[in-house]
Amino acid sequence: MGTLLEVTGLGLALGGRPILAGIDLTVARGELHVLLGANGAGKSSLAYALMGCAGYRPQAGRILLDGEDVTALPLHERARRGLALAWQEPARFEGLTVADYLAIGGRREPAECLREVGLAPEDYLGRPLDKTLSGGERKRIELAGVLALEPRLALLDEPTAGIDFLSQAEIEDVIRALRRQGAVLLITHQERLAAGADRASQLCGGRIVCAGEPAAVIANYKARRCRRCDGETCNG
Amino acid sequence: MADLATLYDAFRSLGEDPGTILAPDTAHIVAYGHQLVSQQSVPGVRIEAHADEQGVHARVVVAAGWLVLQPVHLCFGLFERFGVQNVDLDLVMEAGAAATFWSHCLFMFPDMARHAMDARIVLEDGARLSYNEVHYHGLSGGIEVLPRARVQVGEGAHYRADFSLTQGRVGRLDVDYEVEVGRAATAELTSKIYGHAADAIDLRERVHLNGEDARGLVKTRVAVEDQARASVTGATYGNAAGARGHVDCLEIVRGEATASAVPEVKVSHPQAKVTHEAAIGSVDERQIEALMARGLDPDAAVERIILGMLG
């Protein structure tokens with residue numbers, strides 16, 4: 001498995017406050033890599049920085065995708081190169097249907113992608129992507145949207161949050177499918193999901209304090225001294 | 001001189017099928033400027049129209065109890081660079097009648113022209129009317145559009161009006177609609193407008209909920225860019241027990257454009273309730289990023305969001 005994502009020395013500050021510092025991270029092709037950490041550790045910020053979101057441009061370090069330096073590329077150029085992000089709280093749109101949304105940039109049939117996340121296409125394709133959808137429905141549609149893109153690297157920010165527990169298995173199947181077609185960087189608070197990953201990294205105070213076998217990283221995370229991230233690293 | 005072939009060509013250029021609009025089983029009025037080109041009544045829909053130097057005068061009556069399956073088409077336009085079109089319309093939906101109207105307003109060529117509509121619309125008890133007005137404008141911005149409507153909605157009747165001006169330059173638009181809603185009747189007014197360059201948009205819509213349990217919704221979606229200007233007044237007055245109304249205004253501003261919204265709600269009966277929401281601003285950054293994350297560049301993402309809102 002060759003390296004798909006290589007992040008070196010990534011640093012990010014927002015409003016003068018350091019958010020990420022010295023991040024070194026690699027994700028190989030076909031790998032499911034889990035990011036663990038308490039709320040505020042910097043997991044979502046790292047995903048946004050990798051994706052190239054406005055306001056999350058790193059002040060230090062570089063990001064290579066399949067050997068290409070994408071650090072200076074804007075969001076849409078990174079998307080065109082195969083990076084995709086399933087947002088923790090996906091946006092809603094007035095006047096845009098689920099079918100419209102999945103078709104934007106999509107390489108796969110929207111109906112097929114909806115089925116894979118457990119939603120009946122006949123019930124959802126024509127629905128507006130607005131506040132009439134529940135949080136769980138919107139999250140599943142977001143995952144279907146990532147599937148439709150057939151990304152090389154899928155960044156999934158808590159994809160199972162808000163999903164009923166009976167449907168968790170479907171979401172896990174989606175994660176496996178995305179791993180097969182490229183690689184997945186998964187942010188999760190679910191221990192079972194984390195345990196099934198190939199590798200894991202633990203973030204605390206904007207730094208990676210532990211990385212390697214998931215079992216070891218989970219154990220380190222559970223034994224952490226801090227209950228929330230206050231900028232001081234723990235158990236590093 | 002314009003004829004039906006001119007209209008056919010215009011519709012085809014817009015991707016529409018004129019054959020369905022002017023089919024033999026479809027009631028219609030076609031007028032260019034102050035020239036009445038065609039009128040057709042069908043069973044259940046009586047059209048009496050004539051034109052003179054002052055304008056086009058039309059009376060349309062949908063007979064009591066008739067459910068009109070084919071939409072009624074009103075086609076107005078100017079095909080010269082300069083001109084004036086005044087339209088004087090009386091539309092009566094008799095008790096229990098139901099119909100859908102499409103008003104096609106074609107102003108693709110004028111450099112300096114004016115279209116003024118003065119409409120009186122009456123829905124008798126139990127009638128249902130869906131009135132869709134779609135404007136197709138050219139790129140010169142030299143058109144002035146002044147629609148006026150006074151609408152009475154009788155007991156248990158339902159009035160729905162959709163106004164759309166999202167293709168080409170708006171020019172100058174000054175809309176003034178006033179709707180009186182009777183007992184257990186409903187009125188829904190939706191306007192979608194996209195202004196560019198130096199377009200000027202003034203939109204005033206007032207709904208009076210005068211009957212018990214009357215319902216009203218005024219929904220406005222406006223986007224302006226460049227140096228365009230928009231002023232929107234959506235007003236709803238709750239005057240009877242059980243009356244419920246809502247004013248919903250969303251305006252998106254780009255470039256040097258400016259927009260204002262005045263949602264006016266007033267209640268004169270203790271058991272009436274009227275609510276409002278208004279938002280003006282640029283396109284939500286999160287929405288833009290969500291579409292950019294699917295490969296759209298920033299301009300395409302903003303355009304997609306605006307067209308979705310106006311779609």
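Start by selecting B:Q287, B:I288, B:E289, B:A290, B:L291 and B:M292: these are the buried residues of α3(B). Keep in mind as you click around that this is a predicted model. The helix itself covers residues 285–292 of chain B, and with six of its eight residues buried, it is largely enclosed by the rest of the structure. What do those buried residues pack against? Show α2 of chain A and α4 (298–310) of chain B; they pack against both.

**Across to chain A**

Go back to α4(B) and follow it over the strands. It lies across β11 (158–167), β13 (186–195), β15 (215–224) and β17 (244–253) of chain B, at about 155° to β15(B). Now show the whole sheet. It is open, has 10 strands and mixed pairing, and reads β2-β1-β5-β7-β9-β11-β13-β15-β17-β19 in chain B. Which strands sit at the edges? Pick β2 (35–40) and β19 (273–281) of chain B, each of which pairs on one side only. From one strand to the next, the twist averages 5°.

Zoom in on the β2 end. Strand β1 (residues 28–32) of chain B runs antiparallel to β2(B), and five bridges join the two. For a landmark there, select B:H28, which stands opposite B:Q40 in β2(B).

**Into the core**

Next, select A:M51, A:A144, A:L153, A:L155 and A:L186. They have the most contacts inside the largest nonpolar core, which has 178 residues. Helix α6 (residues 135–149) of chain A gives the largest share of this core, seven residues. Centre on A:L155 and display its neighbours: leaving out residues up to four places away in sequence, it touches A:A47, A:L50, A:M51, A:L83, A:A84, A:L85 and A:L185.

**Last stop: A:D164**

Finish in the loop between β7 (153–157) and α7 (168–181) of chain A, where you'll find A:D164. Is A:D164 buried or exposed? It has 9 other C-beta atoms within 10 Å, and 12 or fewer counts as exposed, so A:D164 is exposed.

Notes. Residues numbered from 1 in each chain as written. Chains lettered and ligands numbered in written order. Predicted model: local features only at pLDDT ≥ 70, side-chain atom pairs only at ≥ 80, totals over all residues. Buried ≥ 20, exposed ≤ 12 C-beta atoms within 10 Å, placed from the backbone. Helix = DSSP H or I, 4+ residues; strand = E, 2+ residues; numbered from the N terminus. Contact = placed C-beta atoms within 7 Å. Core = buried A, V, L, I, M, F, W, Y, C linked by C-beta atoms within 7 Å. Pairing = 2+ DSSP bridges. Axes fitted to C-alpha atoms, helices over the stretch in contact; angles between N-to-C directions.
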